[in-house]
Each structure stands twice: as C-alpha cells, then as structure tokens.
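This report goes through one structure by topic. Keep the sequence and the model side by side while reading.

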Amino acid sequence: MKDEITREERVDNLKGMGCSRKRVEDARFTQGKGNYVDDIKLDGMLFGDFVRSPYAHARIKSIDTTAALEVPGVLAVLTAADLEPLGLHWMPTLAGDKQMVLADGKVLFQGQEVAYVVAEDRYAAADGIELVEVEYEELPVIVNPFESLKSDVVLREDLVAEDGSIPDGAHGPRKHPNHIFTWDAGDKDPTEEVIANAEVVAEETMYYHRTHPCPLETCGCVASMDKVNGKLTLWGTFQAPHAIRTVVSLISGIEEHNIRVISPDIGGGFGNKVGAYPGYVCSVVASIVTGKPVKWIEDRMDNLMTTAFARDYHMTGKISATKEGKITGLHCHVTADHGGFDACADPTKFPAGFMNICTGSYDIPTAYLEVEGVYTNKAPGGVSYRCSFRVTEAVYFIERMIEVLAIELNMDAAELRRINFIKKEQFPYTAALGWEYDSGDYHTAWDKALKTVDYDGLRTEQAQRVEDFKAGKTRKLMGIGLSFFTEIVGAGPVKNCDILGLGMFDSCEIRIHPTGSAIARLGTISQGQGHATTFAQILASEIGLPADSITIEEGDTDTAPYGLGTYGSRSTPVAGAATAMAGRKIRAKAQMIAAYLLEVHDNDVEFDVDRFVVKGAPEKFKTMKEIAFAAYNQAIPGIEPGLEAVSYYDPPNMTYPFGAYVCVMDIDVDTGVTEIRRFYALDDCGTRINPMIIEGQVHGGLTEALAVALGQEIAYDDMGNVKTGTLMDFFLPTAWEVPNYETDFTVTPSPHHPIGAKGVGESPHVGGVPCFSNAVQDAFRPFGNRHTNMPHDHWRIWRTANELGLHD
Ligand code: PCD
Ligand SMILES: [Cu+]
C-alpha cells in the first residue's frame with residue numbers, strides 16, 4: 001500500500017462541513033461574469049414598460065393609446081381591456097386575495113400599473129409611456145389603516161356584494177369593506193384576566209414603519225413564447241421558480257411541462273422577489289401576442305414604489321409581571337396595513353405570518369395575539385425582508401415590551417431577560433401561542449454576550465455619562481442596546497405550511513459521475529447566500545467526495561426537482577436537510593458496492609471520511625471515488641448500475657435559531673447624530689456549515705437592521721404620494737455608517753434536522769433591529785423616555801431630545 005495521507009488531511013481535502021471554504025461563486029461575480037436577467041439578450045427581443053398611476057386613489061375614465069402607438073418602435077399598448085378576454089386582468093396573490101394586473105376601472109396606489117407599452121427597445125417604450133393619455137378622476141385617499149376601518153370610502157369595490165354586504169375573505173369574515181381579516185392566536189379571556197389582576201403591567205403602542213428590501217438588482221423577467229413548440233420560457237428574478245411555474249400555468253392555462261422557469265444569478269432578493277408581479281404576467285402576454293421575447297426590468301423608483309414593501313405594523317402591547325419581574329401574561333394587538341391588495345407572501349394558514357412567535361425567548365404562561373389586516377391606498381406586498389414571515393415585527397415587539405416592563409419595574413433589562421428566559425431543560429418548549437421550539441440554551445448565550453462586552457462596566461460608564469451630562473461636561477449620551485431573539489425558520493412542515501396549496505417541502509437530487517465527481521440540484525435558489533459553496537460542503541461530508549468536485553445547480557425548473565424556493569431562511573433547514581438525506585441514500589448504495597468489492601458482508605464495512613473500510617481492518621477499504629467508478633463499470637449482482645439519489649424532505653418542525661446582541665451607541669443630543677461604538681452579535685444557528693459565510697450573512701443582516709432602525713422608510717404623505725421613492729430619500733447605509741461588527745457563536749444543534757443545522761440568514765436582521773432601536777431608547781431612558789418609534793434618524797432623535805427638555 002502506497003504512502004497514505006493522514007485522516008486529518010483526508011478530512012481537510014473534502015472541504016466539508018465546518019470549513020470556511022471560499023465562495024465558489026465569487027470568481028464569477030467579482031469578474032463581472034455573473035449572468036443576471038438583464039444580461040439575457042435574445043434575437044428580436046422587445047421591451048415592455050408600465051404607465052403608472054400618479055394618483056393613490058382614482059377612477060379611470062378613459063385610456064387613449066393612439067399617440068403612443070404612433071411612436072416609432074412602439075408595437076403594442078396593453079390595458080386591462082386587452083387582458084380581460086384572456087381572464088388575465090386580475091391575478092391571484094399569494095395571500096388568497098386578487099390583484100389587478102393592469103388598472104381595471106380604478107387605481108388604488110401611486111405607481112399602480114395602468115398600461116403596458118411594448119416596444120423595440122427601452123427608449124421607445126419610455127417615449128410611448130409618456131404619450132398614453134389616461135383620464136383620472138381623483139377619489140379620497142386613505143393612508144391610515146385606523147381611518148380606513150372607519151371610512152365610508154370603499155377601496156375594494158370588487159369585494160363588496162351588490163346588496164352592500166361584505167363577503168368573507170380568504171381568512172374568514174370581514175367586518176368592514178376595507179377590512180381584510182382578523183386572525184388570532186392564544187387564549188383571550190385568560191390572558192386578559194391575568195393582566196387585569198397582575199402586580200405590574202406595562203403598556204405600549206408602537207409603529208413598525210413601512211420599509212422595503214431594496215435589493216441591488218431590481219425585479220425583472222424575460223418571457224419567450226416559442227409558438228412552434230408551444231413552449232414558454234421565463235427567466236426572472238424569482239426566489240421561488242417552481243412556484244412561479246405553477247402559478248403561470250394556472251393563470252395562463254399553458255400546461256406546466258410546457259413552461260420552463262429559470263432564475264439565473266440574482267442580485268439580492270431579501271423577500272422582494274418572492275411574489276408574482278404584473279410585470280411577469282404582462283411580459284408573458286406580450287410574448288404570446290407578438291411571438292417575440294419580451295423583457296421587463298424595473299427601475300429603482302418602480303421597485304421602491306410598487307413591488308413588495310415590508311412591515312407597516314401598528315402594535316399595541318400589554319405585558320404583566322410579578323413585582324420580582326416574572327412575566328405572567330402578554331397581550332398583543334396589531335393593525336396591519338396591507339395597502340391596496342393583500343399580496344403578503346406568507347404560508348396560507350398564516351395571514352400574519354409567524355407573528356405568533358411574539359412571546360419571544362421568554363417563558364410566558366398566557367398570551368393572546370390579534371392581528372387585523374386592513375386595505376389602504378398604498379402599494380401591496382408584505383414580504384418578509386429578512387425575517388421569516390413577520391418575525392422581525394414579533395421580535396421587535398417583545399424586545400421593546402421587555403424594555404418598557406424593565407422601566408416599569410425599575411429593573412435592569414438584562415436581568416429581566418435572564419429571569420424570564422426559557423430554560424435549557426424546558427426544550428422542546430411549547431409556547432403559549434402554539435409553536436414548539438426545538439432547542440435552545442439562552443442563558444449560556446446571554447452570559448457569554450454580557451461577559452464579552454463587560455456589561456456591568458458599560459452600565460457604570462453610562463451612569464457616569466449621565467452625571468457628566470447633567471453637570472454640563474458633555475453633550476453626548478450613551479445607549480446600551482440589548483436584544484435576545486428567537487427566530488423561527490424552515491417552513492415548513494407540509495401539514496401546516498403551504499403556499500397556494502403547495503406544501504413547503506424541499507428537495508435535492510444527486511448524480512455521481514463515474515470519475516467520482518457529482519452534480520446536485522436543489523429546489524431552492526441562491527440570491528447571494530452562497531449555496532453553490534455550502535450545499536457542496538454538506539454533501540462532501542455526507543458522501544466523502546471533495547466539495548470542489550461537486551457542482552450545485554439551482555433555479556431551472558426543467559432540471560431541478562420541485563421545491564418551494566429560498567426565503568424565510570428555509571434553504572438550510574429544508575433543502576439542506578434534503579441534501580443530507582439524498583447524500584445518505586448515495587452512501588447506503590455505496591456501502592453495498594463497497595462490501596461487494598471488498599468481498600465482505602454489507603454490515604462489515606463502515607464509512608470513514610471518504611471511503612468504506614472493513615471493520616477492524618482499516619487497511620482494507622474502497623474510496624468513494626473507486627466506488628463511484630465501480631457503480632458504472634461493474635455488473636454487481638442485485639444492484640442497479642449508476643449512483644444517483646433524490647430526496648424530498650418534509651421537515652417535522654421548524655428550526656429555532658437564536659442570538660444575543662449588544663450595541664453601544666453615543667448620541668449627540670444637539671444634532672441627533674448616532675455613533676455606533678460597538679456591536680456584538682452572538683448567533684446560534686446549530687451546526688455551522690461554513691463559518692465565513694455565516695459571518696458574511698450576519699454582517700449583511702446587521703447592516704440591513706441598522707438601515708431599518710436608523711432611517712430606512714417608505715413614507716407616504718396624506719395624498720398617498722410616496723415620499724421616499726428614490727435613493728436620494730430612501731436610506732441605504734454605506735461603509736460610512738456601518739460599524740465594525742464583532743461576531744460570536746454558540747452551537748445548539750436542532751434535534752430534528754439531519755445535520756443539526758438551523759437557518760441564519762435572517763437572524764441578524766431579526767435581532768439587529770430591536771438592538772439598534774433599544775440602544776437609542778436606552779440612551780434617553782434616564783431622562784424619562786419610554787418608547788419612541790423608528791426609524792431613529794437624526795431629526796427624530798433630535799426631536800426626542802428636544803421633547804425631553806435636553807435642549808433647554
Ligand atoms: N447553520 C448554517 C446555516 C446557514 N448557513 C449558510 O448561510 C446561508 C444562509 O442560509 P439560510 O439561513 O438557510 O438562508 P437561505 O434560505 O439560504 O437564504 C434566505 C435568506 O438569505 C438572507 N441572506 C441573503 N444574502 C444575500 N447575499 N442576498 C440575499 O438576498 C439574502 N437574503 C436574505 C434573506 S431575506 Mo427573506 O427572502 O425576506 O424571507 S430569507 C433570506 C447559506 O449559504 C447557508 O448554507 C451555514 O453555513 N450554516
Ligand atoms: Cu397577508
């Protein structure tokens with residue numbers, strides 16, 4: 001036997017789980033060799049663009065397309081009247097509502113799609129748009145959901161019966177024409193009773209403002225109908241390509257096998273690219289009508305004003321406790337502003353997503369949540385934006401309620417959290433609002449975080465700062481932001497999670513080639529997360545072939561197994577599990593082949609890193625490379641040739657990553673300028689596949705958290721005009737605002753996931769927003785602040801200081 005490398009070297013060669021393998025996709029991205037939707041150029045390709053409504057609420061009296069059609073290069077102008085005969089002027093939303101593809105008689109938000117101009121190039125399309133003459137009759141505008149529920153102005157006339165009665169919606173009875181649903185969880189009466197009789201109660205109302213994921217690449221698609229073969233190919237920025245294929249089939253009547261959906265490289269998704277947009281439908285129709293490929297790409301304003309907003313939750317909470325600080329009950333009421341159509345991307349049974357995770361990381365015996373969805377004259381959407389289904393809202397809510405309760409109790413907020421954490425031995429833990437948390441060790445994480453930042457030292461310093469401020473020695477306050485979050489990711493068990501009736505499992509299919517390299521295809525799609533790197537690592541460890549010899553492919557419905565896509569940090573919990581399971585099927589077959597080759601019984605060989613060895617005789621082995629070759633080269637009795645496997649994985653539960661964050665911030669009370677001195681983030685996502693990618697995910701999520709907490713907002717005026725529709729007004733942090741992040745971790749594996757991994761992509765955002773916000777609020781706590789709403793931009797902070805009398 002030739003000189004052998006050590007076992008350790010064999011492990012290293014695989015670049016498997018736990019290795020900070022460099023991202024294989026970056027060679028392409030950093031050299032400008034990515035292939036994004038807008039890079040797709042087909043012969044004779046046309047361009048489509050929208051005429052959009054300048055009004056937030058108006059009746060459409062007429063649309064005159066004559067002048068537009070005279071523009072050289074303009075080929076067609078589609079309006080609702082053209083789509084109606086095809087039944088395509090409205091489309092279903094993911095939330096069980098329907099949405100106008102092109103304005104049908106009225107518009108409900110500024111920027112709404114009114115007509116679709118198809119031209120030979122972008123410029124002609126832009127000129128054509130200018131010349132479509134639309135006559136609007138303005139209607140009263142409602143941008144406040146509370147007023148909406150009281151108003152006589154009916155926004156969705158299509159949802160009121162002729163006799164004036166209000167038919168039920170997708171989520172039950174509706175009490176007002178502008179009401180979408182009321183959804184609740186938990187025990188109402190017992191919760192109210194506990195709170196009524198409690199020793200201490202804290203109450204607070206907070207508004208989690210509307211914002212937007214604003215990915216670098218906007219949404220877009222290219223539709224190409226091949227009339228000869230009856231095949232439609234649709235390239236697009238889709239976070240869920242298979243679901244898009246099914247939706248396109250259902251609404252167009254084209255059979256699903258004749259539709260091929262391809263998500264090429266995607267320049268960030270963040271939830272913005274989950275839903276189905278009018279641009280997709282119009283491009284498909286235009287391609288069918290013209291017989292040519294049609295491209296549609298949003299510009300930045302289109303993106304910010306019309307596709308998938310996030311948040312817009314008005315939340316009122318009551319939290320009760322004993323004098324010693326043991327929480328006894330939690331009550332939460334939400335008024336959710338969904339805009340003109342309910343186009344939230346949540347699992348069907350959860351119209352407010354997983355908002356019922358709002359008891360957070362705490363052992364709260366009784367709780368009740370009620371969410372009311374309301375129509376207003378704002379853009380539709382309601383995507384996650386780096387939080388699986390409203391978990392950012394839930395965690396912000398509870399982490400603010402904890403701070404407010406700490407004020408009420410006159411207690412340290414870190415200590416209040418510690419007293420109430422779910423204990424390690426309580427897992428699996430069933431929360432009052434129904435979820436079963438799989439695993440956690442909150443006290444260990446919290447203690448590690450507080451120790452690392454020297455929490456007590458920080459509080460001493462802060463007290464000194466307050467004294468100095470009062471003594472006129474400084475104009476800067478110091479805030480210590482705390483947050484402890486529990487995420488819920490990995491939707492999900494098919495028994496309670498589906499989107500449009502499609503169960504939320506996911507999949508992986510592996511083919512091992514004769515020479516011992518492989519391709520694996522998944523039902524998910526990377527938008528920058530690095531799946532090509534990390535899923536190969538899972539397989540490397542499972543099947544003993546080097547990650548560098550494994551190609552990961554996603555996003556082509558003609559080749560990938562069916563899956564529900566990438567959002568809600570579900571790729572690792574669901575597709576990652578499918579990958580491990582498919583790998584294990586490969587290994588099981590490899591074991592039989594190895595035993596045959598080694599002339600022993602199947603049970604007498606065991607897997608070791610990259611080979612099967614005969615038990616007790618480690619010098620007798622067959623490497624996975626040898627086994628792969630044998631699978632194609634030898635006739636093995638009782639075993640089919642080839643080495644392939646597929647797994648469709650329906651997870652038994654979600655995974656519950658968690659984390660402990662601390663932010664130290666200085667605030668200049670005269671300018672409202674914030675300076676982040678320190679940000680410490682401890683994340684526990686169970687088994688870690690690629691520590692470097694995890695760190696990158698944490699940096700990205702924290703930066704988006706900073707954005708949302710400190711300035712990013714989609715704001716409307718009373719007329720329903722979007723005030724922040726460009727990057728001049730919509731805050732995107734740059735290197736200038738972003739602090740140095742200190743990352744840390746603990747590892748508490750998920751007990752039900754085959755490799756123990758939980759998701760991580762959303763966590764830093766979910767935990768980050770309350771941490772930044774709490775830092776601002778904490779700085780003002782010694783001066784009587786209880787709660788101020790985000791975004792904490794310099795002006796709002798200045799105003800808080802002013803209202804607290806700090807400028808006197
Ligand atoms: N334990 C663990 C976990 C995880 N990981 C890694 O990390 C990542 C992530 O993961 P996850 O968590 O599972 O997730 P996904 O599913 O993959 O993804 C999703 C997410 O992701 C994040 N991140 C990111 N990044 C980037 N770059 N880009 C983007 O876009 C994005 N987005 C965002 C979002 S928003 Mo949603 O949609 O709202 O719902 S959701 C989300 C990948 O790679 C993985 O593999 C590892 O390593 N380990
Ligand atoms: Cu919804």
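## Nonpolar cores

A nonpolar core is a set of buried Ala, Val, Leu, Ile, Met, Phe, Trp, Tyr and Cys residues joined through side-chain atoms within 4.5 Å. Buried means under 20% relative accessible area, exposed means over 50%, and partly exposed lies in between (1.4 Å probe, protein chains only). The model is predicted: local features need pLDDT of at least 70, side-chain atom pairs count only at pLDDT 80 or more, and totals for chains, interfaces and linings use all residues. Residues are numbered from 1 along each chain as its sequence is written, chains are lettered from A and ligands numbered from 1 in the order in which they are written, and side-chain values use heavy atoms, leaving out hydrogens and water.

The largest nonpolar core holds 181 residues, and Val371 and Phe772 are among those with the most contacts inside it. Helix 11 (residues 391-409) gives the most to this core, with 12 residues; helices here are DSSP runs (H or I, at least four residues), as are strands (E, at least two), numbered from the N terminus. Another core, of 46 residues, lies apart from it and includes Ala590 and Val609.

## Copper site

Asp342 (OD) and Cys344 (SG) coordinate the copper ion (ligand 2) at 2.7 to 2.8 Å. Donors are N, O and S atoms within 2.8 Å of the metal (3.2 Å for Na, K and Ca), and water is not among the atoms, so sites may look incomplete. Aspartate 342 and cysteine 344 are both buried.

## Domains 1 and 2

Domain bounds come from an automatic or database domain assignment, which gives domain 1 (7-34 + 506-649), domain 2 (37-139 + 218-266 + 274-306) and domain 3 (309-490 + 654-803). In domain 1, 21 residues are in contact with 19 residues of domain 2, where contact means heavy atoms within 4.5 Å.

## Salt bridges

A salt bridge is a side-chain nitrogen of Lys or Arg within 4 Å of a carboxyl oxygen of Asp or Glu. The whole structure has 57 salt bridges, and three are counted between domain 1 and domain 2. Arginine 260 and aspartate 558 form a salt bridge at 3.6 Å, N to O.

Aspartate 608 pairs with arginine 10 at 3.1 Å, N to O. Aspartate 608 is in strand 27 (residues 605-608) and arginine 10 in helix 1 (residues 7-14), 598 residues apart. Both aspartate 608 and arginine 10 are buried. A network of salt bridges links Arg7, Arg10, Asp608, Asp610 and Arg611.
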